[in-house]
Amino acid sequence: MIAPSILSADFANLAAEAAAVSNSDWLHVDVMDAHFVPNLTLGLPVVESLLRRTDIPIDCHLMIEDPGRWAPPYAEAGAYNVTFHAEATDDPLSVARDIRAAGAKAGLSIKPNTPLEPYLEILKSFDTLLVMSVEPGFGGQSFIPEVLDKVRRMRTLVDSGELQILIEIDGGINAATIEEAAEAGVDCFVAGSAVYGAESPGAAVESLRQQALSAAHRH
Ligand code: DX5
Ligand code: ZN
């Protein structure tokens, strides 16, 4: 699956930018609050407007403090998947429960230096794990290959049936990095600059998808 990140799109033309990637699986929306990360993007009103203008399932990536308070409204609004950060809450299970009760899939995200092990037990209550392959906050950064150890560990747990969860990766995914991520076992690839920096965003989505599929098959 390919999830273009609109962080690299034209924020004044979001409906057209979504239409340009109608062949994508999810549309990734980065919500930043200038507290959890040192950047500010958009919030619920923009997501609500976008939901009215696209049929692509919306994948909200909340890089915000206090997700227990702010995450469920994105699910109520109709986002398909709502991901928040493990580092932002002491009670990720209740946040996941509230997101699911509001009708969305629940995702947990971990920053590059956050270990996976402490969260393995609670992942049974999540639908997606978003492994950050850059420090959250900005598009266009370089891929951190060390995080693929966490992806490989997850792939083993999913393939053995111990966990049922979608493995998503975010940050620095492009034509040069997507194959090693696919070989490690990623299911869903977020790509911002590699899609919206391309001459044809739709063609970039298809090209990344083909690269990921052939790398996964080779593996
Ligand atoms: C970074 C965001 C990413 C960002 C990725 O904090 O979570 O979704 O848009 O951008 P690229 O693909 O350019 O690294
Ligand atoms: Zn993101």
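A polar side-chain atom of His-28 sits 3.4 Å from an oxygen atom of ligand 1; a polar contact here is a pair of N or O atoms within 3.5 Å, and within protein one must be able to donate a hydrogen and the other to accept it, with residues adjacent in sequence counting only if both atoms are side-chain atoms. This is a predicted model, where local features need pLDDT of at least 70 and side-chain atom pairs count only at pLDDT 80 or more, while totals for chains, interfaces and linings use all residues. Residues are numbered from 1 along each chain as its sequence is written, chains are lettered from A and ligands numbered from 1 in the order in which they are written, and side-chain values use heavy atoms, with hydrogens and water left out.

**Around ligand 1**

- His-61 also points a polar side-chain atom at the ligand, 3.2 Å from an oxygen atom of ligand 1.
- Gly-192 uses its backbone instead: an N or O atom there lies 2.8 Å from an oxygen atom of ligand 1.
- On its own, ligand 1 has 380 Å² of accessible area, and the protein covers 100% of that (Shrake-Rupley method with a 1.4 Å probe; for residues, only the protein chains shown count as cover).
- In total 20 residues surround the ligand, and the closest are Ser-5, Gly-137, Asp-170, Gly-192 and Ser-193; to be near, a residue needs a heavy atom within 4 Å.

**His-85 and strand β4**

- His-85 belongs to strand β4, residues 81–85; helices (H or I, at least four residues) and strands (E, at least two) are DSSP runs, numbered from the N terminus.
- With a relative accessible area of 0%, His-85 is buried (buried is under 20% relative accessible area, exposed over 50%, partly exposed in between, with a 1.4 Å probe and protein chains only).
- The side chain of His-85 makes a polar contact of 3.3 Å with that of Ser-109.
- Leaving out residues up to four places away in sequence, His-85 touches Phe-36, His-61, Leu-62, Met-63, Ser-109, Ile-110, Lys-111, Met-132 and Pro-136; contact means heavy atoms within 4.5 Å.

**Nonpolar cores**

- The largest nonpolar core has 64 residues, and Leu-123, Met-154, Ile-169 and Phe-189 have the most contacts inside it. A core is a set of buried Ala, Val, Leu, Ile, Met, Phe, Trp, Tyr and Cys residues joined through side-chain atoms within 4.5 Å.
- Helix α6 (residues 148–159) gives this core its largest share, five residues.
- Another core, of eight residues, lies apart from it and has Ala-3, Leu-130, Val-134 and Cys-188 among its members.
- Phe-189 touches Met-1, Ile-2, Ala-3, Ile-169, Ile-173, Ile-178, Ala-181, Ala-182 and Ala-212, again not counting residues up to four places away in sequence.

- α6 runs for 12 residues and reaches 16 Å from first C-alpha to last, close to the 16 Å expected at 1.5 Å a residue; the expected span is 1.5 Å times one less than the number of residues.
- Buried in α6 are Leu-148, Lys-150, Val-151, Met-154, Arg-155, Leu-157 and Val-158.
- Those buried α6 residues pack against β5 (105–110), β6 (128–132), β7 (166–170) and α7 (178–184).
- Just after α6 comes Gly-161, with a positive phi of about 85 degrees.
- In helix α5 (residues 92–101), the buried residues are Pro-92, Ser-94, Val-95, Ala-96 and Ile-99, and their cover includes α3 (67–70), α4 (72–77), β4 and β5.
- Gly-103 follows α5 with a positive phi near 100 degrees.

**Loops and positive phi**

- Most residues other than glycine have a negative phi.
- Ala-34 has a positive phi of about 65 degrees although not a glycine. Ala-34 is in the loop between β2 (27–32) and α2 (44–53) and is partly exposed at 41% relative accessibility.
- Asp-66, another non-glycine residue, has a positive phi near 55 degrees. Its loop runs between β3 (58–63) and α3, and Asp-66 is partly exposed, with a relative accessible area of 41%.
- Asp-91 lies in the loop between β4 and α5 and is partly exposed at a relative accessible area of 39%. Asp-91 and Pro-67 are 24 residues apart in sequence and 9.7 Å apart in space, C-alpha to C-alpha.
- Asp-10 is in the loop between β1 (2–4) and α1 (14–19), and its side chain makes a polar contact of 2.6 Å with that of Asn-13.
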